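Open the structure in your viewer and keep the sequence panel beside it. The tour below says what to select at each stop and what is there.

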Amino acid sequence: MQMAYSKQIPEQLDLLVTHEPPHKMLDYAWASSFRQEHIGSKTLKSALGRLAHKSRTNKRRLSPRVHLFGHVHEGRGKLEKNGTLFLNVSNANPGMARTLQHPCVVLDIATDGSGDVRVVSM
C-alpha cells in the first residue's frame, strides 16, 4: 500500500496530508526508556526525495510546499527541508494515545499566489 500512494504524489503540490511521517522527519518514538527510534515510512521518504532531486535539477519547486502528518506522537513539531515545511501535528500523549495533550495547529496560508505559509500556533 505504501508503495502505491507514494509513487502518486503529484509534482508542485501545495499541501500533502499523510497519516505517517517520512522516515527521519519528526518520526522518533521511544523504543525503550533510554533509546529513540525513527519509525516513519522509508517509502514515503524516498518518494519525497525523488521530487526534491527533480526540483534541484529542474530549478523549480516540485516538492510539496507543506506536508502534514501525525501518527508518531513524540515527533510533534516542525522542520523545513528542501523547500517543504514538514509538520507533525500529533496532539495526543506520547506512546499509545490516551489523552490529548496539545492544541490544534493553526496555519496561515497565503491566497495571493505567493505560496507563503506561516504556523500561527502549534
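Helices (H or I, at least four residues) and strands (E, at least two) are DSSP runs, numbered from the N terminus. This is a predicted model, in which local features need pLDDT of at least 70 and side-chain atom pairs count only at pLDDT 80 or more, while totals for chains, interfaces and linings use all residues. Residues are numbered from 1 along each chain as its sequence is written, and side-chain values use heavy atoms, with hydrogens and water left out.

**Stop 1: Leu 107**

Select Leu 107, which lies in strand S7 (residues 106-109). Its relative accessible area is 24%, so Leu 107 is partly exposed (buried means under 20% relative accessible area, exposed over 50%, partly exposed in between, with a 1.4 Å probe and protein chains only). Now show its contacts (heavy atoms within 4.5 Å). Not counting residues up to four places away in sequence, Leu 107 touches Val 66, Leu 68, Leu 87, Arg 118, Val 119 and Val 120.

**Stop 2: the sheet**

Select S1, S4, S6 and S5, which form an open sheet in that order, with mixed pairing. Two strands pair if DSSP finds at least two bridges between them. Strand S1 (15-17) and strand S5 (77-81) are the edges, each pairing on one side only. S5 and S6 run antiparallel and are joined by 5 bridges. Which residue in S6 stands opposite Lys 78? Leu 87 does.

**Stop 3: Ser 63**

Move to the loop between H2 and strand S4 (66-69), where Ser 63 is found. Ser 63 counts as buried because its relative accessibility is 4%. Leaving aside neighbours within four places in sequence, Ser 63 is in contact with Leu 13, Leu 48, Leu 51, Ala 52, Ser 55, Asn 82 and Thr 84.

**Stop 4: the largest pocket**

A pocket is an open set of points on a 1 Å grid over the protein atoms alone, where a 1.4 Å probe fits, with protein on both sides within 12 Å along at least five of seven lines; lining residues have an atom within 4 Å of a point. Select the lining of the largest pocket: Pro 22, Met 25, Lys 45, Leu 48, Gly 49, Ala 52, Ser 63, Pro 64, Lys 81, Asn 82, Thr 84 and Phe 86.
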